[in-house]
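Please look over the sequence and the structure shown here before reading on. The questions and answers that follow take up one part of the chain at a time.

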Amino acid sequence: MPLSALQCRKRHLNAAFWESSAPDRVSPVMLFGGIRPNQFEEKIMAARRSRTYRLRLSCEGTARFIDCHHRLARLTGSLIPYGATLFVAMLLTQGADPAEIAAEISLAAARRSRSDREHFVGASDELSSIEAAVGELVEPSDLLSGRPSQAAIFIAGIAIMASSEDKAIMAAFDRMTRLVAQV
């Protein structure tokens with residue numbers, strides 16, 4: 001389980017049961033049905049940067065992404081966010097051969113996975129730099145005329161994750177956990 005998820009769980013459990021966990025703690029303020037974290041926790045949350053990434057997937061692409069997500073959740077033995085699946089897919093893509101990435105982007109299956117149907121996935125801000133690095137890897141390829149779009153890179157990443165071995169997926173998941181913990 002990612003370190004950030006453990007810290008988040010601990011913070012919310014402590015906030016929910018604040019009387020038993022810290023009797024000298026100031027009473028939390030309820031805002032819109034949730035507990036407002038204290039000022040120290042707000043600074044920690046502000047330091048962790050995340051953003052929402054847009055996936056434009058067809059029904060076939062969505063099914064492939066969900067299959068990858070289910071596989072990763074099974075391998076880790078925990079409930080993971082969808083952003084973790086996308087992050088792992090991009091880490092696997094970053095380590096792949098540029099020709100393989102370009103081939104995945106140009107394949108007909110990749111074109112069938114794209115659509116105007118939008119899905120939003122939250123992940124670490126680090127994912128954008130990894131996606132940019134993957135885009136720079138495949139830019140000078142003969143198979144592609146220019147730099148591929150972010151959506152095409154994400155779809156190629158999902159395809160590469162789907163064909164990866166369990167050992168490689170777990171190694172990428174461990175790397176993601178370390179990268180997110182450093183932020």
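**Questions on a predicted model**

Gly 83 lies in helix α5, where helices (H or I, at least four residues) and strands (E, at least two) are DSSP runs, numbered from the N terminus. This is a predicted model, in which local features need pLDDT of at least 70 and side-chain atom pairs count only at pLDDT 80 or more, while totals for chains, interfaces and linings use all residues. Residues are numbered from 1 along each chain as its sequence is written, and side-chain values use heavy atoms, with hydrogens and water left out.

Q: Is Gly 83 buried or exposed?
A: Buried means under 20% relative accessible area, exposed over 50%, and partly exposed in between, with a 1.4 Å probe and protein chains only. Gly 83 has a relative accessible area of 4%, and therefore it is buried.

Q: Which residues does Gly 83 touch, not counting residues up to four places away in sequence?
A: Gly 83 and Gly 122 are 39 residues apart in sequence, yet their C-alpha atoms are 5.1 Å apart in space. With contact meaning heavy atoms within 4.5 Å, the residues that Gly 83 touches, leaving out those up to four places away in sequence, are Val 121, Gly 122 and Ala 123.

Q: Which residues does Arg 51 touch, not counting residues up to four places away in sequence?
A: Arg 51 is found in strand β3, which covers residues 50-57, and with 36% relative accessibility it counts as partly exposed. Leaving out residues up to four places away in sequence, Arg 51 touches Val 121, Gly 122, Ala 123, Asp 125 and Ser 128.

Q: Which residues form the aromatic pair, and is each of them buried or partly exposed?
A: Rings of Phe, Tyr and Trp (its six-membered ring) pair if their centres lie within 6.5 Å, and planes under 30 degrees apart count as stacked, over 60 as edge-to-face and the rest as tilted. A search of the whole structure finds one such pair, which is tilted, at 6.0 Å centre to centre and with 40° between the planes of Phe 65 and Tyr 82. The pair links distant parts of the chain, 17 residues apart, with Phe 65 in helix α4 (residues 59-76) and Tyr 82 in helix α5 (residues 82-94). At 6% relative accessibility Phe 65 counts as buried, whereas at 44% Tyr 82 counts as partly exposed.

Q: Is Leu 79 buried or exposed?
A: Leu 79 lies in the loop between α4 and α5, and its C-alpha atom is 9.7 Å in space from that of His 69, 10 residues apart in sequence. Because its relative accessibility is 84%, Leu 79 counts as exposed.

Q: How many nonpolar, polar and charged residues are in the contact of α4 with α10?
A: Helix α4 and helix α10 (residues 166-182) pack at an angle of about 80°, with their axes 10 Å apart, where axes are lines fitted to C-alpha atoms, for helices over the stretch in contact, and angles run from 0 to 180 degrees between N-to-C directions. The angle makes α4 roughly perpendicular to α10, since angles under 35 degrees count as roughly parallel, over 145 as roughly antiparallel, 65 to 115 as roughly perpendicular and the rest as oblique. Arg 71, Leu 72, Leu 75 and Thr 76 of α4 make the contact with Asp 166, Ile 169, Met 170 and Phe 173 of α10. With Ala, Val, Leu, Ile, Met, Phe, Trp, Tyr, Cys and Pro counted as nonpolar, Asp, Glu, Lys and Arg as charged, and the others, Gly among them, as polar, the contact has five nonpolar, one polar and two charged residues.

Q: How many helices and strands does the chain have?
A: From the N terminus on, the elements run α-α-β-β-α-β-α-α-α-α-β-α-α-α. The chain therefore has, by the DSSP runs described above, a count of 10 helices and four strands.
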